[in-house]
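Student: Could you show me how to read a helix pair in a model like this one? I'd like the general idea and then the actual case.

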Amino acid sequence: MNRRTIRAGIALSLAVLLASALAWTSFTASSQAVAPSALARDGKAGHSYQLTGKVLAGYHRAGDVLLFRVRDRSGPSAQSVLVRYTGAVPDPFRAGREILVTVDRHGASWVGERDSLITKCPSKFAAAKQTT
Amino acid sequence: MITFGRATLLLALALTVFGAGAFIYGGRRERPEWVAAGRRSVFALFGVLTVAMAIIEAAFARSDFSFALVASHSSTTTPRLYQLTSMWSSQEGSLLLWVWLLSGWSSLAMVVARRRAAALMPYAGATLLVFAAFFLGLSNFLANPMTALNPAPAQGTGLQPLLRYPAMAIHPPMLYSGYTLAIVPLAFAVSALISGRVDATWLRQTRRFALGSWLALTFGILLGARWSWSELGWGGYWAWDPVENAALLPWLTGTAALHSLMVQERRGTLRTWNVFLALTTGILAVIGTFLVRSGVLESIHAFGASTLGLPFVVFIALLIATAAGLVAWRREALRSEARLDSLFSREAVFILNNLVLVGMCLVIMWGTFFPLISEALTGKRASVGPPWFGRYTVPLAIALVLLSGIGPLLAWRGSEWRSVRRSFVVPAALALATALAAAFAPLPWSLRAFALFAVAAFTVAAVGQESLRAARARQRSTGRALPLAAFGLVARNRRRYGGFLVHAGFAVMLVGVAASSAFKHVTDARLGPGQSAKVGGYDVRYVRATATYNAEKLSLGAVLDVTRNGKHMWTLRPSRGYYPVADAARFGTLGRWFEGESTSEVGLRADPRRDVWTAVEPDLQPLQSMISGIDKRFPLAGPKIEPLFLQALTERYRLDPPKAAFRFIVSPMVMWVWIGGIGAVLGGLIAIWPAGVRRRVKSPATKPARTTVPVSA
């Protein structure tokens, strides 16, 4: 084996090692994205989920806690889950908006991770089809 | 006018098809008249698209709601500046902006190429027009900005209030300039591969476009971060959102390309790598646009229901396949024989810096696309958050800052050990002193932040030392005062010293990022007037409520008194703006003011040491009975009576304010993020600034020593 092959082998092994570390850490550190209906059905305590759906009307604050229900973004399911959340509330947050929030189960309710609430920017939503 | 506008878009599409065909035919058959026709098509495309842009801007300016685009993104109450910039808050408008900018840069590229790289023009022009054709196809058939609304409404929806911020008016054009400028090097790389002219000519012709792309992306990203910090109510400037990352990816590969092309210019090596970087940066620019437009990833910015995903996927797949095929086809011609002479050479550092930048790009790309990767591998969509990104990008950023300091200290081809030692002494000593000072300062322990402070000190000292050394040498040779000598030095070698300023600015910016991330204090509190909260050594007292209104919005806020050890420091005035919806019949005279968008107006006190940031979220519950009572009693109150009710409501809020939710943040050195960023942008401007006409026209034969422009980095 010449030096060039050895160098290429070392570089390749290093790249594979780093790529494996990247893949391993991303899988272990990730939160599964779920819709409210799936969370209500399959959500387990001790797991962290990224809940994505639409906010229902009737959300309110109880002290520092924001309580809101989220339903599936689309589809027939009327199932919704209640989220107890503390932390920064994005400006566009309101009923009907699509949100993402990292939640985990505390007893019977879902608790939002502090400052994890994201509301999709409504300006970016495609307009409904217009007539010409 | 709408029909005329539609015709301009169709004509523009026809021009791209004709122009691309003319270029390819002219290039293959060596028919210059066809190449000239292709070139004229590019200019005509820019002209036609300028007319289309003017039609839409005019419609926004006169609030012509017969344009669906205007009705859904502007209103008569939207301030004039934002009426004019509303166009790019929409999908249709931003796609048109993309292709208009591309046509402008393509025209400029044609002018430059005609003078200096005529042989590359046919296929480069054809490639640019293929990109334009794709975006015009979307504009014509899937997201047409010239769609009519019949009957036209009396009032429009208005621009999303969050976007009514000066930085946001220019943020999208900056990012899109960055994206579209990156297509020019890609097009010339494609042309070089097709024509087999893979020497450094294509690089020299597109270097300024690559630098322009970098500059526009840097400025665009900075503007977005500034907007997030001072306008959004969450208290941060970077969230590792897919769309933020989308702009960062081509920035990283573009930065790598700007360094590696110098190695090819100087040493003739890295041919394949440079072609790869030019192609990758251009493709990442399209992927960036795709991420925003497709809604393929969950993002704060993503479209909810876009139909553009599939065309983008097909186009990107074709781009990748074509690029890979061309590189494979020309792999023999791309091979370079020159090798690294020394590890202590500038080119060795540039190669390392390229590896770090591309590594960072891969990490961010993996994290950004992880939901799709995870879904493909496990069937479950999962995503990674900011801590995961930080785990990899922080060490890479530390390495990058260090390399940006080492590079200027080393010579091309290699440096003698004695000279290396001499150059490194002062920067290394300063880095060590900074690390020790940080470790013994009364700060929470943060290895990453301290390491970043140390390497930033090294880099700033290194570029300062090299600049001072060169300025002193010039002072000795010209006899001028040091500032004049330094100015002359920069003017004669803009690329080198512009680059130095970029390195220093980048280091300073990352010091700001490290300090503001590691040593930030955040407090959330629910306070009534007279009550206080503590944050980062400050006492913040809610003094009184504020409430105002005008035709655009209703503002409810607070006056806060910030003290330290009993001494008054500042008064802050955060508020929340409520923007009404037009439908009073449905939501009520007062109710309509709370059914629209609401935005935070941050109360911010910034100085070089720290930013004190506050946002308020008023509790509307106690006002609800008053709002619904008035709406019930006076369902038909017109615009003349409405101000009376608003007056009563604001008076009530001022005199009897309910408790409000506050977020207080004390974040050190945030201002250095902007100062460093502006420094980097200024450095980029110096580097891109063309040599003066006087210097260019002087004959080298008459004054060779003074007319030669050094090409070092």
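**Two helices side by side**

Tutor: Helix α17 (residues 447–478) of chain B and helix α19 (residues 494–518) of chain B have axes that come within 9 Å and cross at roughly 160°. Helices are DSSP runs of H or I, at least four residues, and strands are runs of E, at least two, numbered from the N terminus. Axes are lines fitted to C-alpha atoms over the stretch in contact, with angles from 0 to 180 degrees between N-to-C directions. This is a predicted model, where local features need pLDDT of at least 70, side-chain atom pairs count only at 80 or more, and totals for chains, interfaces and linings use all residues. Residues count from 1 along each chain as written, while chains are lettered from A and ligands numbered from 1 in written order.

Student: What does the angle make α17(B) and α19(B) relative to each other?

Tutor: Angles under 35 degrees count as roughly parallel, over 145 as roughly antiparallel, 65 to 115 as roughly perpendicular and the rest as oblique. So α17(B) and α19(B) are roughly antiparallel.

Student: Which residues make the contact?

Tutor: Contact means C-beta atoms, placed from the backbone, within 7 Å. Among them are L452(B) and F453(B) of α17(B), and F500(B) and V511(B) of α19(B).

Student: And how is chain B built overall?

Tutor: Chain B has 25 helices and 11 strands. Its C-alpha trace spans about 85 × 70 × 60 Å along the principal axes. Residues 24 or more positions apart account for 75% of the contacts in chain B with a separation of 6 or more.

Notes. Two residues are in contact if their C-beta atoms, placed from the backbone, lie within 7 Å.
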